[in-house]
Amino acid sequence: MHTKRATVVGGARSGRAVARLLAEAGGEVFLTEQGDLPDGTAAALDAAGVDYESGGHTAAALDADFLALSPGVPTQSSIVQQALRAGLDVYSEIEAASWFCDAPIVAITGTNGKTTTTSLAGHVFRTAFADDPGREAIVAGNIGHPFSDCVLDAEPEDVVVLEVSSFQLDHVDTFHPRVSVLLNITPDHLGRYDHNFEAYARAKFNIFRNQEEGDAMIYNRDDHDVRGGAKQAAAEQDVRPLAITTDGVPAAGAGLQDNRIVLRTDDEEEPLMAQDELALRGQHNVYNSLAAAVSARVMEVENDVIRESLSGFEGVPHRLEAVRTVDDVLYVNDSKATNVNAVWYALESFDRPIVLIAGGRDKGNDYTDLKPLVRDRVRAVVALGESAETVVRELGAEASAHRRADTMEAAVRQAQRAARPGDVVLLSPACSSFDMYEDYEERGDTFRRLVETLL
């Protein structure tokens with residue numbers, strides 16, 4: 001498989017990385033990009049001996065034994081559909097990278113929280129391996145470092161912690177995590193799935209697909225859809241199910257008992273720590289912390305290391321990131337909140353009045369679930385970007401005040417005027433950033449920079 005003719009579709013980071021990986025393995029690799037190649041890609045492909053085309057897909061792209069897709073390439077795209085009709089195998093980048101991985105994989109997915117949980121689990125493993133120079137925790141995937149870029153560095157004694165999106169799980173065949181984590185499933189990215197929530201959920205359930213006896217499956221028992229898919233996988237594949245819940249302690253997994261986190265992974269209850277000792281705030285981060293704790297415990301990390309890691313973790317950029325306090329107002333960057341459910345979690349995390357900056361490129365959001373929280377907790381809404389009218393219409397009347405802003409600078413300035421001492425100014429957009437920025441990181445960086453200059 002590794003030395004066959006491969007066409008990589010998509011020239012962004014993950015596509016470039018898997019093209020280099022397959023070429024290094026001896027494959028005959030061709031990369032095709034519908035648009036322009038990102039800066040630096042052509043030079044990297046030339047150095048790797050990879051032929052390529054850009055500005056559209058030609059017949060040369062189908063002269064291959066299989067296609068490897070960058071996550072940004074949808075199954076509905078013409079080139080993928082042509083390949084499927086021609087009988088070519090189609091794989092995701094994460095699948096192709098896994099062919100070269102000898103280390104156990106902890107794979108984490110969910111509509112919300114997967115970046116935080118992946119970072120947190122990586123932090124636990126890195127803490128555990130700090131005194132063992134022969135072991136390493138490799139954190140990659142959707143979190144920013146393509147799996148293909150680092151898979152050859154993984155030794156059998158290491159642990160690879162991967163954030164995997166539904167896009168990356170769309171075309172897996174042999175991808176096999178030792179530990180899988182499914183945090184939650186709520187409507188998001190439905191345009192990639194013909195607006196079919198069940199199809200989106202099935203993509204998430206692919207994380208369990210190749211697990212078998214001896215593997216562990218960590219699932220959120222409190223999420224109806226997750227629970228159903230996990231139970232079916234456990235029954236069909238004899239994989240070990242481990243529940244996380246905030247409603248008591250499950251028969252196997254982790255939960256809350258008298259506001260304490262309790263593990264039960266080997267038929268014995270193991271009190272771990274008080275909930276209020278967790279570094280990350282908010283109910284959603286209880287689930288993230290439970291998932292990271294069970295992942296580590298399954299991989300034989302000691303409880304004292306888990307406890308130290310969960311209490312000392314400093315968080316993830318752009319996810320409820322405390323930027324600065326100005327005039328007793330806390331400014332928080334939650335730019336990664338690109339859907340309604342993520343904003344719900346953000347609003348739920350604070351027990352003081354909020355000035356909410358929201359808006360961007362709307363993905364067909366239904367704001368109904370946010371309205372009670374906005375009514376109860378939000379002093380003012382500042383609507384930003386393409387969806388400003390929608391945000392004002394849906395949420396403006398639920399707050400005491402609302403305003404529109406054409407730029408992030410104007411949004412921060414208006415939020416500062418609306419805030420009172422003790423408030424939180426929260427950038428939590430509920431929308432993608434592509435109306436104004438290249439990605440949510442650029443949007444968050446801009447917010448952070450502007451906040452740092454406030455007087």
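This is a predicted model: local features need pLDDT of at least 70, side-chain atom pairs count only at pLDDT 80 or more; totals for chains, interfaces and linings use all residues.
In the present model, nine strands form an open sheet with mixed pairing, and their order is β7-β8-β6-β9-β10-β11-β12-β13-β14. The two edges are formed by β7 (137-141) and β14 (270-274), each of which pairs on one side only. From one strand to the next, the twist averages 20°. Within this sheet, strand β11 (residues 240-244) and strand β12 (residues 253-257) run parallel and are joined by two bridges, and A243 has G253 as its bridge partner in β12.

Helix α10 (residues 283-298) packs on the sheet, where it touches β6 (105-109), β9 (179-182), β10 (216-220), β11, β12, β13 (260-264) and β14, and its direction makes about 145° with that of β11. Helix α11 (residues 303-312), in turn, lies across β13 and β14 and runs at about 20° to β14. The side chains of N303 and R297 are joined by a polar contact of 3.1 Å. N303 has a relative accessible area of 13% and is therefore buried, since buried means under 20%.

Side chains of opposite charge can pair when their charged atoms come close. The count of salt bridges in the model comes to 16. One of them is formed by E269 and R264, whose closest N and O atoms are 2.3 Å apart; E269 is partly exposed, with a relative accessible area of 38%, whereas R264, at 18%, is buried.

A salt bridge also forms between E394 and K371, with the closest N and O atoms 3.4 Å apart. This pair links distant parts of the chain, for E394 lies in helix α14 (residues 388-395) and K371 in helix α13 (residues 371-377), 23 residues apart. E394 counts as partly exposed at 22% relative accessibility, and K371 is partly exposed with a relative accessible area of 22%.

In the salt bridge between D423 and R379, the closest N and O atoms are 2.6 Å apart. D423 lies in the loop between α15 (408-418) and β20 (424-427), while R379 lies in strand β18 (residues 378-384), so the pair ties together parts that are 44 residues apart in sequence. Both D423 and R379 are buried.

Key. Residues are numbered from 1 along each chain as its sequence is written. Side-chain values use heavy atoms; hydrogens and water are left out. Two strands pair if DSSP finds at least two bridges between them. Helices (H or I, at least four residues) and strands (E, at least two) are DSSP runs, numbered from the N terminus. Axes are lines fitted to C-alpha atoms, for helices over the stretch in contact, and angles run from 0 to 180 degrees between N-to-C directions. Contact means heavy atoms within 4.5 Å. Buried means under 20% relative accessible area, exposed over 50%, partly exposed in between (1.4 Å probe, protein chains only). A polar contact is a pair of N or O atoms within 3.5 Å; within protein, one must be able to donate a hydrogen and the other to accept it, and residues adjacent in sequence count only if both atoms are side-chain atoms. A salt bridge is a side-chain nitrogen of Lys or Arg within 4 Å of a carboxyl oxygen of Asp or Glu.
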